[in-house]
Amino acid sequence: MVNLDTGARSTPLVCLRSRTLDIAIVSKLDSVAMNPVSIPIPTREAAATPAADWDFPIVGMTCASCVGRVEKALLKVPGVSAASVNLATERAQVRAGAGVDFGALQAAVDRAGYQVPQVRQRLQIQGMTCASCVARVEKALLKLPGVSAASVNLATESATVDAAGPAADPAVLLAAVERAGYHATLQRDDAAAAPAPAAPVWPLVVAALLSLPLVLPMVGMLWGAHWMLPAWLQWALATPVQFGFGARFYRAGWKALRAGSGNMDLLVALGTSAGYGLSLYEWLRPGASAMPHLYFEASAVVITLVMLGKWMEARAKHQTTAAIRALQALRPETARVLRDGVEIELPLAEVRVGDPVRVRPGERVPVDGQVLEGASEVDESLITGESLPVPKQVGDAVTGGAVNGAGLLLLRTRAVGAESTLARIVRLVESAQARKAPIQRLVDQVSSVFVPAVIGIALLTLLGWGLGTGQWQQGILNAVAVLVIACPCALGLATPTAIMAGTGVAARRGILIQDAQALELAHRIGVVAFDKTGTLTEGRPQVVAALPADGDRAALLRRAAALQSGSEHPLARAVLQAASHDGLILPAVSQLRAVPGQGMAGVVDGVELRLGNQRWMHELGVDTQALDAQAKDQQEQGRTVSWLAEVEPRPRALGLLAFADTLKPTAARAVARLHEMGVRTALVSGDNRGSAQAVATALGIDDVRAEVLPQDKAEVVMALHSLHPVVAMVGDGINDAPALAAADVGIAMATGTDVAMHAAGVTLMRGDPALVADAIDISRRTTAKIRQNLFWAFGYNVIGIPLAAFGMLNPVIAGAAMALSSVSVVSNALLLQRDGRSRRTRA
């Protein structure tokens with residue numbers, strides 16, 4: 001990325017797409033963007049000019065053979081005359097002729113087995129007023145060579161662009177937005193995308209004061225009073241409003257025309273100018289009466305009402321980003337760091353990972369850390385949605401932004417700044433709010449032709465009244481009403497404002513919705529498939545039985561613990577904890593390896609051992625018959641059974657371990673709530689059938705899929721698709737990631753692994769299964785608001801435009817209706833926040 005003020009280069013965020021997961025990889029590329037001299041080609045149309053030079057990065061090369069393969073692939077592209085690849089700088093320089101665009105070069109690199117890194121840039125866009133503006137900015141960005149995706153959000157006035165090569169340079173993106181008629185700035189990494197606060201109110205007040213004398217005579221006519229102002233005074237009052245306060249509509253409308261399209265500003269400028277011009281004509285034409293019928297009040301009041309609507313809309317949009325601002329406000333500016341035993345207060349930017357940080361009672365925790373000394377209760381409600389303080393003691397993790405209770409804590413810093421939990425939450429919420437829901441595509445298609453269609457209808461209205469009835473004056477007024485009542489603003493705001501409000505409500509309740517598509521799909525979920533360990537259970541199993549075949553319990557536990565010494569699995573920790581509790585000394589282990597979905601293998605005391613599930617034992621040919629009855633008894637009690645066996649000189653069972661894991665207190669209520677909502681439940685577990693069935697029976701789960709290998713969980717999810725159109729998967733481990741990615745809606749526990757959270761569209765910050773029903777409820781209410789907003793947005797136009805065309809709406813009333821449409825759409829979305837607060841209070 002290029003700093004536009006200094007020209008300094010910084011480390012970009014490179015997004016590489018794998019087949020199953022989208023993984024963000026931070027790559028230390030010193031120069032991702034092209035040098036300024038290497039940007040002769042700002043658009044795809046210009047990309048076809050002769051002798052174009054390209055300079056772009058390539059990742060994945062490791063040796064000279066890679067360089068040769070990439071150069072060979074590039075030279076195969078028709079029109080490429082020279083290609084030079086530098087392994088040290090990981091860059092390619094290409095000279096190409098006419099007809100070669102960057103997409104062809106990128107495709108050639110991909111075919112060779114390497115990648116041109118994608119950079120995600122976030123821009124703040126100023127000057128957009130309606131859905132037509134959104135479409136125009138997106139079209140301008142997508143024309144750039146190397147831009148693979150561009151999403152513009154009217155509610156946050158922001159754009160998210162995925163680009164490679166030339167378009168990775170922010171200067172190229174900013175220039176494209178400027179050419180489209182808008183102003184853009186690069187958004188800082190630590191700044192949340194948010195609409196600008198409402199404009200100063202004084203221009204609106206002055207415009208209203210100037211328009212009020214023009215409206216009063218109309219009010220007086222209701223009681224038979226004649227307060228009509230002289231024509232010169234009407235002109236004097238209306239002109240500052242028309243060309244002073246209304247200048248913004250002319251400027252924005254002209255930019256739209258120059259870019260070859262239209263927007264709301266163009267409609268307002270055309271409509272009010274027609275009313276103002278007709279009034280001038282009636283006043284100044286030869287033979288005009290002393291008190292001609294003028295329409296200065298229509299043009300002035302319409303502009304004032306549109307200004308009022310925009311001011312109210314900006315205030316309402318600002319409220320939709322309250323969730324992000326509330327999260328950002330949790331970030332302290334300083335931290336008390338111990339350096340050489342001395343406590344000093346440092347700015348947060350100077351704190352480093354590993355630094356000891358002291359947190360006094362009542363202070364906000366400045367960093368993500370682990371408790372080194374002390375004990376306290378910490379309020380994490382604004383981060384996780386958990387209303388009760390959480391006890392913390394030595395060894396526990398503490399999240400930055402939480403409020404410390406009565407105890408004094410000393411923490412070791414684990415993450416700070418952009419890598420902290422709080423910063424990642426803000427990025428996830430912001431990303432979800434910036435993305436478009438699938439239903440928005442229909443709105444974008446309508447918006448792209450909306451303004452030209454409205455201008456066409458206005459022209460037909462004018463000609464119809466003029467040619468059909470001879471009433472040209474009435475035709476102009478009706479055409480003005482058509483132009484003024486048409487409201488592409490409401491169409492553009494209907495979906496994003498509801499999504500922003502919905503994701504904000506979810507964030508306050510500890511639910512991070514990372515994907516707008518997941519939010520829209522969740523309301524149609526027919527079945528929720530749960531993983532067992534760590535999702536419905538606490539994930540802290542304990543060894544409750546160790547049954548040796550030869551009666552030596554200590555030897556059984558010692559050997560099993562040796563095999564588990566290299567594993568981070570919850571069952572491994574349980575075995576190691578049991579061995580430690582009994583004071584056992586573990587023997588040396590060699591050739592240790594994990595077998596996915598089966599267990600652990602290794603050599604202990606010179607004996608080849610296996611520790612795993614019964615299916616694996618059968619595959620190894622181990623005879624478990626002597627302990628089968630005891631294993632069955634343990635499984636019927638809902639316990640997990642692992643077998644220890646030696647495989648040489650002949651396979652034989654050495655014993656079994658039984659584990660018990662406590663169900664989460666909210667698990668039964670979570671399943672019951674889903675059933676009340678008409679959603680079926682399933683349990684997908686790698687555990688034995690007896691244990692899985694016992695858990696399902698205790699919780700009332702409908703369907704049980706037991707002894708499922710990690711690689712088969714995704715197939716189970718796909719099988720559920722045949723019974724239910726929309727399937728959700730809830731999990732927390734690495735082994736759940738493929739199933740989370742395969743589900744329509746993946747829901748990950750934040751208490752689990754990062755891989756699971758990357759694969760999911762929704763993350764539950766508390767690891768509470770009851771939040772699954774909350775997420776579906778929020779999705780249903782958000783989808784309802786989207787539908788209501790779209791109904792009103794389309795309704796205003798479908799009903800209002802014909803009424804205006806047939807002369808049944810005064811331009812002033814049309815202007816008021818247009819202003820009201822945008823405000824009502826945003827206000828309706830904000831009701832989600834009120835509903836969310838009231839539901840949480842009742843809970």
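**Figure 1. Helices H21 and H26 pack roughly parallel to each other in this predicted model.** The axes of H21 (residues 667-676) and H26 (residues 770-805) come within 7 Å. They cross at roughly 30°. Angles under 35 degrees count as roughly parallel, so H21 and H26 fall in that class. From H21, the contact uses Arg669, Ala670, Arg673 and Leu674. From H26, Ala770, Val772, Ala773, Asp774 and Ile776 take part. Sorted by class, the contact of H21 with H26 has 6 nonpolar and 3 charged residues, and no polar ones.

**Figure 2. Ile801 sits buried in helix H26.** The relative accessible area of Ile801 is 10%. Buried means under 20%, so Ile801 qualifies. Which residues does Ile801 touch, not counting those up to four places away in sequence? They are Val454, Ile457, Val482, Ile485, Ala486 and Tyr796. Ala458 is 343 residues from Ile801 in sequence. In space, the two C-alpha atoms are 9.0 Å apart.

Figure 3. H7 covers residues 247-258 and H8 covers residues 264-284. Their axes come within 7 Å and cross at roughly 120°. The crossing is left-handed. On the H7 side, Arg248, Phe249, Tyr250, Ala252, Gly253 and Leu257 form the contact. They meet Met264, Asp265, Leu266, Val268, Ala269 and Ser273 of H8. By class, the contact of H7 with H8 has 8 nonpolar, 2 polar and 2 charged residues.

**Figure 4. Six strands form an open sheet with antiparallel pairing.** The strand order is E11-E10-E12-E18-E13-E16. Which strands lie at the edges? They are E11 (342-347) and E16 (397-398), each pairing on one side only. E11 pairs with E10 (residues 334-339) in the antiparallel sense, over 6 bridges. Within this pair, Val337 stands opposite Ile344 of E11.

**Figure 5. Asp340 has a positive phi in the loop between E10 and E11.** Its phi is about 55°, although Asp340 is not a glycine. Is Asp340 buried or exposed? Its relative accessibility is 80%. The cut-off for exposed is over 50%, so Asp340 counts as exposed.

**Figure 6. Glu707 is another non-glycine residue with a positive phi.** Phi of Glu707 is near 55°. The residue lies in the loop between strand E28 (703-705) and helix H23 (710-721). With a relative accessible area of 40%, Glu707 is partly exposed.

**Figure 7. Strands E4 and E5 form a hairpin.** E4 spans residues 80-86 and E5 spans residues 91-96. The two strands run antiparallel and are joined by 6 bridges. Val85 stands opposite Ala92 in E5. How many residues lie between the two strands? There are 4. Glu90, in the turn, has a positive phi of about 55°.

**Figure 8. Strand E30 is mostly covered.** Val745, Ile747 and Met749 point one way from the strand. Gly746 and Ala748 point the other way. Strand E30 pairs with E29 (residues 727-731) in the parallel sense, through 4 bridges. Strand E31 (residues 762-764) also pairs with E30 in the parallel sense, over 3 bridges. Which residues stand opposite Ile747? Val730 of E29 is one of them. Val762 in E31 is another.

**Figure 9. The whole chain gives the setting for the close-ups.** The secondary structure comes to 27 helices and 31 strands. The chain has 843 residues, of which 54% count as buried. Among contacts with a separation of 6 or more, 68% come from residues 24 or more positions apart.

How values were computed
Residues are numbered from 1 along each chain as its sequence is written. This is a predicted model: local features need pLDDT of at least 70, side-chain atom pairs count only at pLDDT 80 or more; totals for chains, interfaces and linings use all residues. Side-chain values use heavy atoms; hydrogens and water are left out. Axes are lines fitted to C-alpha atoms, for helices over the stretch in contact, and angles run from 0 to 180 degrees between N-to-C directions. A crossing is left-handed if the near helix is turned anticlockwise from the far one by less than a right angle, and right-handed if clockwise. Contact means heavy atoms within 4.5 Å. Ala, Val, Leu, Ile, Met, Phe, Trp, Tyr, Cys and Pro count as nonpolar, Asp, Glu, Lys and Arg as charged, and the others, Gly among them, as polar. Two strands pair if DSSP finds at least two bridges between them. Buried means under 20% relative accessible area, exposed over 50%, partly exposed in between (1.4 Å probe, protein chains only). Angles under 35 degrees count as roughly parallel, over 145 as roughly antiparallel, 65 to 115 as roughly perpendicular and the rest as oblique.
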